[in-house]
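User: I'd like to learn how to read a model like this one, feature by feature. Could you walk me through it?

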Amino acid sequence: MNIAWWKTRRSGVGEGWREQLIDPMLALAEVIDPTIDIRDIKEKYGVLCVYHSGPEIFAKMVDIFEIASEQCCEDCGRWNGWLRDGDAGNWGLSHVTTSPGSTGWTRTLCVRCRNEQKDKL
């Protein structure tokens with residue numbers, strides 16, 4: 001998909017990542033090469049994952065944005081997010097193994113958004 005298509009897409013990741021990571025990444029991609037083919041942008045194992053066929057400089061930039069997603073709340077965009085495993089209550093900077101009774105989904109959330117999510121369960 002082209003960069004313009006991704007700018008209009010509003011699903012797949014939370015608004016926090018959209019504002020703090022994806023929109024700036026797409027703006028830089030347009031400067032580097034407006035014809036970069038971005039095949040998918042999604043959350044995988046609690047971090048941003050971008051599939052593309054761009055030049056090496058774009059690949060290095062994507063690596064930086066993916067690493068940054070480990071500390072940016074996917075929902076609100078605060079820069080105090082942590083990888084969090086479903087309902088297990090585990091915090092950490094690496095993939096967290098799911099525990100019995102958890103939703104099995106790992107996300108990067110700040111404390112406030114995690115508590116709001118927990119209240120909805």
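User: Let me start with one residue. In which helix is Arg112 found?

Analyst: Arg112 is found in helix H4, residues 111–120. Helices (H or I, at least four residues) and strands (E, at least two) are DSSP runs, numbered from the N terminus. Before we go on, residues are numbered from 1 along each chain as its sequence is written, and side-chain values use heavy atoms, leaving out hydrogens and water. This is a predicted model, where local features need pLDDT of at least 70, side-chain atom pairs count only at pLDDT 80 or more, and totals for chains, interfaces and linings use all residues.

User: Is Arg112 buried, exposed or partly exposed, and which residues does Arg112 touch?

Analyst: Arg112 has 44% relative accessibility, so it counts as partly exposed. Contact means heavy atoms within 4.5 Å. Leaving out residues up to four places away in sequence, Arg112 touches Cys76 and Arg78. Its C-alpha is also 9.5 Å from that of Gly81, a residue 31 places away in sequence.

User: How do I get an overview of the whole chain? How many helices and strands are there?

Analyst: Begin with the elements and their order. The protein chain has 4 helices and 5 strands, and from the N terminus on they run α-α-β-β-α-β-β-β-α. Of its 121 residues, 39% count as buried. Among contacts with a separation of 6 or more, 50% join residues 24 or more positions apart.

User: How do H2 and H3 pack, and at what angle?

Analyst: For helix pairs, an axis is a line fitted to C-alpha atoms over the stretch in contact, and angles run from 0 to 180 degrees between N-to-C directions. Under 35 degrees counts as roughly parallel, over 145 as roughly antiparallel, 65 to 115 as roughly perpendicular, and the rest as oblique. Helix H2 (residues 15–32) and helix H3 (residues 56–68) pack at about 170°, with axes 11 Å apart. H2 and H3 are therefore roughly antiparallel. H2 brings Leu21, Pro24, Met25, Leu28, Ala29 and Ile32 to the contact, while H3 brings Ile57, Phe58, Met61, Val62, Phe65 and Ala68. By class, this contact has 12 nonpolar residues, no polar and no charged; Ala, Val, Leu, Ile, Met, Phe, Trp, Tyr, Cys and Pro count as nonpolar, Asp, Glu, Lys and Arg as charged, and the others, Gly among them, as polar.

User: Which residues have the most contacts inside the largest nonpolar core?

Analyst: A nonpolar core is a set of buried Ala, Val, Leu, Ile, Met, Phe, Trp, Tyr and Cys residues joined through side-chain atoms within 4.5 Å. The largest one here has 19 residues, and those with the most contacts inside it are Met25, Leu26, Ile38, Ile41, Leu48, Val50 and Phe58. Helix H1 (3–8), H2, E1, E2 and H3 each give two or more residues to this core, and H2 supplies the largest share, 6 residues. Take Phe58: beyond neighbours within four places in sequence, Phe58 is in contact with Met25, Ala29, Ile32, Ile36, Ile38 and His52.

User: And the strands? How many bridges join E1 to E2?

Analyst: Two strands pair if DSSP finds at least two bridges between them. Strand E1 (residues 38–44) and E2 run antiparallel and are joined by 6 bridges; Ile38 stands opposite His52 in E2. In E2 (residues 47–52), 5 of the 6 residues are buried, so E2 is largely enclosed by the rest of the structure.

User: What is the phi of Tyr45?

Analyst: Most residues other than glycine have a negative phi. Tyr45 has a positive phi, near 55°. Tyr45 sits in the loop between E1 and E2, a hairpin with 2 residues between the strands. With a relative accessible area of 55%, Tyr45 is exposed.

User: Is Trp17 buried or exposed?

Analyst: Trp17, which lies in helix H2, is buried, with a relative accessible area of 0%. Beyond four places in sequence, the residues that Trp17 touches include Glu43, Val47, Cys72 and Thr108.

Definitions and conventions. Buried means under 20% relative accessible area, exposed over 50%, partly exposed in between (1.4 Å probe, protein chains only).
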